[in-house]
Structure formats: C-alpha cells, structure tokens
Amino acid sequence: MPFRHAHWWVLSLFPLAALAFWPNYLSVLSTSPPSFHFHGITATMWLLLLAMQSWSIHHGHRRFHRANGLVSLALFPLFLAGGATIFVGMAQRHVSAATPFSAIWPPHLAWLDFVAVGGMAYFYFQALKQRRKIGPHASHLLATALFLMPPILGRLAPLLMGIDFSQPGAFERLGPSFHLGNGATAMIAFIIAVRAGRTNGRPFAIAGGLTLLSSLLFEFPGGTAAWKQLYVHAAAIPTWPMALAATLAGAGIGWAGWVAGKRPVPAGALPA
C-alpha cells in the first residue's frame with residue numbers, strides 16, 4: 001500500500017506552522033479576528049484528517065477510515081468557507097492599510113489563494129471519484145496538503161533571509177520569501193512525484209507545477225496596477241455571505257466527486 005508513512009510527514013507540518021504563525025496569530029490569539037480562528041481551525045482539522053486517513057488505512061482500521069471519509073464531505077466545505085473569510089479580510093485590511101504588510105502584499109497573495117483553492121478542489125474531487133483505487137485516491141488526497149505549505153514556508157523564509165522587521169522597509173523586501181516558499185513546496189512535490197511513480201506521482205507533479213504557476217501569477221497579474229484597482233472591490237464583499245457561497249461550492253464539489261465514484265450499475269439491473 002503506497003505512502004505508508006505519510007501521516008508522520010503530514011503531522012510534521014504542525015510544528016512548522018506553529019513557528020510560522022506565532023508572531024502574527026498564535027502569540028496574539030485573543031485579539032485575532034474570528035476569520036483567523038475559523039481558517040486556522042478548519043485548516044488544522046483538514047491536516048489532521050489527512051493524517052488519520054493515512055494512519056487508519058495502513059493499520060487496518062477500514063471502518064474508521066470510511067467514517068472519516070464521510071466527515072471530509074462536511075469538513076471540506078467548511079475549509080473553503082474559512083478561506084473565503086480570509087480572502088475578504090485581507091482585501092479589507094489592504095484597503096485600510098492596517099499594517100505595512102497589508103498595504104503591499106494582499107493583491108499578490110490573492111493569486112496564490114486562487115491557485116491553491118482550485119488545486120485543492122480538483123484533487124479532492126479526484127480523490128472521491130477514485131476512492132476505489134487505492135493509489136490514485138491516496139495520492140490525490142495527500143496532494144491537497146501541498147497547497148497548505150507555501151503559507152507556512154513563505155513565513156519561515158524571512159528567517160533564512162535575515163529580514164529584520166524592526167528595520168524600515170523590511171516588509172517591502174518580502175516578495176522573494178513567498179517565491180522561496182513556493183519553490184521549496186514545488187521541489188518537495190516533484191521529489192514525491194518521482195519516488196511515487198508515474199500513476200501515483202502524477203497528482204504531486206501537478207501540484208508542483210501549479211505552485212510554480214502561482215509564483216508567476218503572484219507577479220503578473222498580481223503586481224499590476226489594473227489588478228490592484230480591481231482587487232480593492234473585494235473589500236466590499238460581505239464576509240459571511242461569501243463564506244456561505246464557498247460552503248455551498250465545497251458541498252457541490254464533494255457531492256459531484258462522491259457520485260462520480262459510485263460503482264456502476266450493471267446493465268439490465270433493476271433499481272433498488
């Protein structure tokens with residue numbers, strides 16, 4: 001069975017995420033906006049689900065594995081809803097120039113989010129559709145974790161680059177750190193793809209390619225004046241209706257994948 005130790009690799013993201021999000025979220029938890037909590041909780045639960053699915057199937061807990069598969073049908077829409085609240089909140093903070101970071105980077109980062117959400121939606125659909133094929137099902141589901149890595153690695157990169165945020169102009173120099181996070185994620189994805197083989201490695205190769213694409217979109221159109229003028233209108237989107245729309249979209253993706261993966265009815269069989 002493929003990816004026997006994948007749950008340990010997924011769990012290893014948690015200490016990295018804690019370090020990455022400590023300055024701007026975990027250390028100021030009580031004063032952080034509700035959207036941060038919503039997104040943080042749903043992203044954490046998604047990674048935990050991936051780890052539990054990997055562990056359970058490799059330890060023979062098939063009933064528990066199937067039950068968690070059903071849980072994913074509810075969790076994935078909530079994860080998309082959490083991302084939607086972050087998207088609107090970033091636009092609002094950009095318009096108000098709430099911080100030096102928010103004044104510069106949200107229009108660029110929106111394109112990373114677009115690619116990540118699209119990639120996760122596609123891989124989750126495929127994981128459900130191919131749930132009766134062990135290798136493709138596991139690889140598509142595990143590949144969704146790759147889209148959660150750039151925000152983590154991109155926030156850790158300034159430590160390697162020696163950026164001192166107490167110095168003037170530090171936030172203006174963050175562009176390369178996002179590309180470094182994307183590049184590291186793509187490299188990891190391609191290594192997994194090669195090791196997993198042609199069939200099981202394909203989702204990871206696609207994820208790596210999409211991650212590199214998001215770096216290009218980060219600069220163009222992400223850095224253009226036309227896009228920035230358009231992006232400010234996202235701040236006017238009502239947050240919770242947007243979250244509801246994302247929830248419905250996530251539910252639709254889950255339903256479509258589940259139906260696509262049903263066993264075909266034999267020719268001539270009578271309906272139950």
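These are my notebook entries on one protein chain.

**Entry: the model and its fold**

I worked from a predicted model. I began with the secondary structure. The protein chain has twelve helices and zero strands. Read from the N terminus, the elements run α-α-α-α-α-α-α-α-α-α-α-α. I then looked up the radius of gyration. It is 19 Å, close to the 19 Å that the globule rule gives for 272 residues, so the protein chain is as compact as a globular protein of that length. I also took the extent of the C-alpha trace. Along the principal axes it spans about 70 × 40 × 35 Å.

**Entry: burial, contacts and surface**

How many of the 272 residues count as buried? I found 44%. Next I looked at contacts between residues at least 6 apart in sequence. Of these, 77% join residues at least 24 apart. The accessible surface comes to about 14,300 Å². Carbon and sulfur atoms hold 71% of that surface.

**Entry: annotated regions**

I turned to the UniProt record, an unreviewed entry. Over residues 177–197 the chain is 95% helix and 0% strand. The end C-alpha atoms of that range are 31 Å apart. Over residues 239–260 the chain is 100% helix and 0% strand. Here the end C-alpha atoms are 32 Å apart.

**Entry: Asn 182**

I picked Asn 182, which is found in helix H9 (residues 175–196). Is Asn 182 buried or exposed? Its relative accessibility is 2%, and the cut-off for buried is under 20%, so Asn 182 counts as buried. I listed its contacts, leaving aside neighbours within four places in sequence. Asn 182 touches Leu 112, Pro 150, Thr 211, Ser 214 and Ser 215.

**Entry: Gly 208**

My last stop was Gly 208, in helix H10 (residues 198–219). Gly 208 is buried, with a relative accessible area of 0%. Which residues does Gly 208 contact, leaving aside its neighbours within four places in sequence? I found Ala 186, Ala 189 and Phe 190. Gly 208 and Pro 106 are 102 residues apart along the chain, and 22 Å separates their C-alpha atoms.

Definitions and conventions. Residues numbered from 1 in each chain as written. Predicted model: local features only at pLDDT ≥ 70, side-chain atom pairs only at ≥ 80, totals over all residues. Heavy atoms only, no water. Helix = DSSP H or I, 4+ residues; strand = E, 2+ residues; numbered from the N terminus. Rg over C-alpha atoms; globule rule 2.2 N^0.38 Å. Buried < 20%, exposed > 50% of the residue type's maximum accessible area, 1.4 Å probe, protein only. Contact = heavy atoms within 4.5 Å. Areas by Shrake-Rupley, 256 points an atom, 1.4 Å probe, with all protein chains shown as cover. UniProt positions renumbered as here; feature names shortened; annotations may be inferred.
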